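Hello,

Here is the structure I promised to pass on to you. Have a look at it first, and then read my notes alongside it.

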Amino acid sequence: MENKYNIEDLKKENQFAVPTSYFEELPLRINQRKTNTNNRTLFSAKLWYKFLAPTFVVIVLFVGYFMYQNNENDAVLTNQQLSKNIINHELVEFDEELIYEVYTETANTPNANATQDEEIIDYLINDNININQITEEL
Amino acid sequence: MDNNNDIKLIALFRDENSRNYAFDLIVKQYQQRIYWHVRRMVINHDDADDVVQNTFIKAWKGLPNFKQESKLYTWLYTIATNECLTFLNKKRKIFFIPLHDVEQELSNQLESDEFYNGDEIQLKLQKAILTLPEKQRLVFNMKYYDEMKYEEMAEVLSTSVGALKASYHIAVKKIETFLTQD
């Protein structure tokens, strides 16, 4: 015959156990963890006020200053202001040394036409061709 | 639970000079009931120990904002219940265990647990309880072992009294069927 169980008939006793003195020690361990949590929170707050907050302020100031500078440079000039600035060399600055270098390089470059003439003369001399004869034929 | 005592404890806690003392009293007063509730859910003592400690640490952090709309015990019980469910979910995710296998694993743990001294029928009862879905297991434990009122359970589990009564009734039937089968 099948056993019919009614759970209300079963003894309601606690079958689980804990290590010796567990409940005496638990409040102490919770207290210890609580203190650690407090210290960690306090440390985070200290860290913020001592280091992170000043760093953050410095970064904000730096970024602010940089953006302010950029805005000033990007300011729109009127045509009149632009002309005035160019005339007074306020916007266009020439590097005089660079200009001199470019000039001397150009001056020292051998003339292509001159080279050609010299080559022709050399050719005529080497081949004993009489210049007067050529002139007559022309 | 003595509500006047809770009110005194909270008042002590609100005073910064006696906060630590008051919290120590709260822990001492409720640690056992919270522990057994947690232990029945997570089965293993070490896991229960972790969950209970987390529960009281959360209580320590949350008590300054406790509005006394519920009893202190109900409030602690709610934290403990949430911690249990979080723990079991983590266990599933960490070990990639399917939903129904966690309870099977807990059932196996029970047999080899050095801190479990139930007789054969009690072990069978625990195994039967572990076949229930998580929420139903909570409802059964709260009603059967902790003898909580349905109204208090409704507060903890944010469910209607009617649903809880139905859930408990179904749980009892399932357990009785399990015990009868083998």
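Below is what was found in it, one topic at a time.

Please keep in mind that this is a predicted model.

Let's start with how the chains meet. Chain A gives 22 residues to the contact, and chain B gives 25 residues. On the side of chain A that touches chain B, you will find 10 nonpolar, 6 polar and 6 charged residues.

Next, the inside of the structure. As a general point, nonpolar side chains in soluble globular proteins tend to be buried together. Here, the largest nonpolar core has 45 residues, and Val38(B), Val42(B) and Leu76(B) have the most contacts inside it. Which helix supplies the largest share of this core? That is helix 2 of chain B, residues 19–42, with 9 residues.

Helix 2 of chain B is worth a slow look. Its buried residues include Phe23(B), Ile26(B), Val27(B), Tyr30(B), Ile34(B), Val38(B) and Val42(B). At Tyr30(B), helix 2 of chain B bends by about 50°. Now go to Val42(B): leaving aside neighbours within four places in sequence, Val42(B) is in contact with Asp47(B), Ala48(B), Val51(B), Cys84(B), Phe87(B) and Leu88(B).

Just after helix 2 of chain B comes Ile43(B), with a positive phi of about 70°. Ile43(B) sits in the loop between helix 2 and helix 3 (45–62) of chain B. Is Ile43(B) buried or exposed? Ile43(B) counts as buried because it has 22 C-beta neighbours inside 10 Å, and the cut-off for that is 20 or more.

Glu147(B) also has a positive phi, of about 50°, although it is not a glycine. You will find Glu147(B) in the loop between helix 7 and helix 8 (150–157) of chain B. With 8 other C-beta atoms within 10 Å, Glu147(B) is exposed.

Finally, a pair of helices. Helix 7 (residues 134–145) and helix 9 (residues 161–181) of chain B pack at an angle of about 90°, and their axes are 9 Å apart. That angle makes helix 7 of chain B roughly perpendicular to helix 9 of chain B. On the helix 7 side, the contact is made by Gln136(B), Val139(B), Phe140(B) and Lys143(B); on the helix 9 side, by Leu164(B), Ser167(B), Tyr168(B), Ile170(B) and Ala171(B). By class, this contact has 6 nonpolar, 2 polar and 1 charged residues.

Enjoy exploring it!

Best wishes

Technical notes: Residues numbered from 1 in each chain as written. Chains lettered and ligands numbered in written order. Predicted model: local features only at pLDDT ≥ 70, side-chain atom pairs only at ≥ 80, totals over all residues. Axes fitted to C-alpha atoms, helices over the stretch in contact; angles between N-to-C directions. Helix = DSSP H or I, 4+ residues; strand = E, 2+ residues; numbered from the N terminus. Parallel < 35°, antiparallel > 145°, perpendicular 65-115°, else oblique. Contact = placed C-beta atoms within 7 Å. Nonpolar A, V, L, I, M, F, W, Y, C, P; charged D, E, K, R; others polar. Core = buried A, V, L, I, M, F, W, Y, C linked by C-beta atoms within 7 Å. Buried ≥ 20, exposed ≤ 12 C-beta atoms within 10 Å, placed from the backbone. Bend = angle between axes of the 7 residues up to and from the residue.
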